[in-house]
Amino acid sequence: MKLYYSPGACSLAPHILLCEATLPHTLIKVDTGTHLTQDGIDFYTINPTGCVPVLELDDGQRLSEGPIIAQFIADHARRDDLMPCAGSMARYRVMEWQNYITSELHKSFSALFNPALNAAAKAVFAAILSEKFAWVSRQLRGKPYLAGDSFSAADAYLFTVAGWANHAGLDLSDQDADVFGPLQAFLARVAARAAVQEAMKAEGLPAAERSKPCADQHREC
């Protein structure tokens, strides 16, 4: 399989899952500013939306949209820990988190990376997004991962998206342990996983940086 990615963008989440599942894969780097692959191919010919990630299967079929790719990877590898079996309430809980992260967190960063918005407008969006992360942090109290005791696809996604905070000027530090302490403990826990370190090293990301948005994050990556 081939994963089209941009370093630290939302494609980091399925990359982590490929490493967790130990599935053989090839990485194809995409410049999200020029929309060219590392081989100079127009990425729009790969994905008409111009967005990463894209997973190309052995038979040439391609999947887009991170949460869908995550489901495929887990099912293909038969890793019920990453995405519980179909029809189970446990799977719906992971999918519930996947949907929240993609709609309420991931997309909310779009405004913060939009150069057309002024500082005052971005401050409003940042305050709203901070409240959403504070809510997520509260849900992590007393448990190691979003859906319970096991690392899942949703955890890889949250780790990736939360890593954009510093680049957006969003303070999610644990200065107020009552607010972001659980979230920061979660991020440290995920960062320590071997598969996460493997994925980040492959993308050329320093451990302390975790992840970063792609160049046109205000569009979507």
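Which residues in α1 are buried? I first noted that this is a predicted model, in which local features need pLDDT of at least 70 and side-chain atom pairs count only at pLDDT 80 or more, while totals for chains, interfaces and linings use all residues. Residues are numbered from 1 along each chain as its sequence is written, and side-chain values use heavy atoms, with hydrogens and water left out.

**Helix α1.** I looked up α1 and found L12, A13, P14, H15, I16, L17, L18, C19 and E20 buried, where buried means under 20% relative accessible area, exposed over 50% and partly exposed in between, with a 1.4 Å probe and protein chains only. Because nine of the nine residues of α1 (residues 12-20) are buried, this helix is largely enclosed by the rest of the structure. Its cover includes β1 (2-5), β2 (26-31), β4 (54-56), α2 (66-77), α6 (153-162) and α8 (194-202); helices (H or I, at least four residues) and strands (E, at least two) are DSSP runs, numbered from the N terminus. Just after α1, T22 takes a positive phi of about 50 degrees.

**Cores.** I then turned to the largest nonpolar core, which has 60 residues, with L105, F109, F133, L158 and L183 having the most contacts inside it; such a core is a set of buried Ala, Val, Leu, Ile, Met, Phe, Trp, Tyr and Cys residues joined through side-chain atoms within 4.5 Å. Helix α6 gives the most to this core, with eight residues. Apart from this core lies another of eight residues, among them Y4, V30, I46 and V52.

**Residue M89.** I finally checked M89, which lies in helix α3 (residues 89-106) and counts as exposed at 53% relative accessibility.

Technical notes. Contact means heavy atoms within 4.5 Å.
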